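Subject: Structure handover

Hello,

Here is the structure I said I would pass on.

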Amino acid sequence: MLWEEDPNSDYCYMFNTDALDWEDSREMCMTHGGDLASIITREEGFYINARIQSIGGPTLFNAFWIGANDRSSEGGWRWSDGGPFAYLNWGPDTIMFVPKSEPNDNKHNEDCGNIVYKSTEHTVTWNDGQCTNRLGYICKKLGLLSSTTRKPTPSPTPPCKYCKNKHGVWM
Ligand SMILES: [Ca+2]
Ligand SMILES: [Ca+2]
């Protein structure tokens, strides 16, 4: 697993395709110094959506856990890392013919947010799912390359720019 830096922000992300439930996903992110990803701006949403589409692969859809959850209070959505819950990208309901959008708390048992790529529709949107489902997951942490150390006018962005760990080693 590799942290990768969004060159337009101070954050690093890790996109994991091994399937874990929400709690284990979060645990894994915290083990690596981050948390499940919060998506707090439209720009951050665009970045993550594009990355998901690029790793989406040939399956009908791919879903990844993010930090959104309403586990402590039904309908009280928050990010596990404490970020402001301002930007929203909930998708249409996945149950056909029901004029309702996500989060639908299906069977009163969906308290964990995931981001879903539907390759047939070329959409990337959020859904609430059962926390015990096993999905891929996205981690996020503050990068060590602060904006002050970055070049003021970056040349063409390299395709893969990784973050340094605390020992200064690229990872
Ligand atoms: Ca819920
Ligand atoms: Ca749902």
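Two strands count as paired if DSSP finds at least two bridges between them, and strands themselves are DSSP runs (E, at least two residues), as helices are (H or I, at least four), numbered from the N terminus. This is a predicted model, in which local features need pLDDT of at least 70, side-chain atom pairs count only at pLDDT 80 or more, and totals for chains, interfaces and linings use all residues. Residues are numbered from 1 along each chain as its sequence is written, while chains are lettered from A and ligands numbered from 1 in the order in which they are written.

A hairpin of five linking residues takes strand 1 into strand 2. These two run antiparallel and share two bridges, with E4 opposite Y13. Strand 2 also pairs with strand 8, antiparallel, over seven bridges; there Y11 has L142 as its partner.

Buried means 20 or more other C-beta atoms within 10 Å, exposed 12 or fewer, partly exposed in between, with C-beta atoms placed from the backbone. Leaving out residues up to four places away in sequence, W65 touches W22, S25, L36, C112, N114, L135 and Y137 (contact: C-beta atoms within 7 Å).

G33 lies in the loop between helix 1 and strand 3. G33 is partly exposed because it has 16 C-beta neighbours inside 10 Å.

Regards

Technical notes. Two residues are in contact if their C-beta atoms, placed from the backbone, lie within 7 Å.
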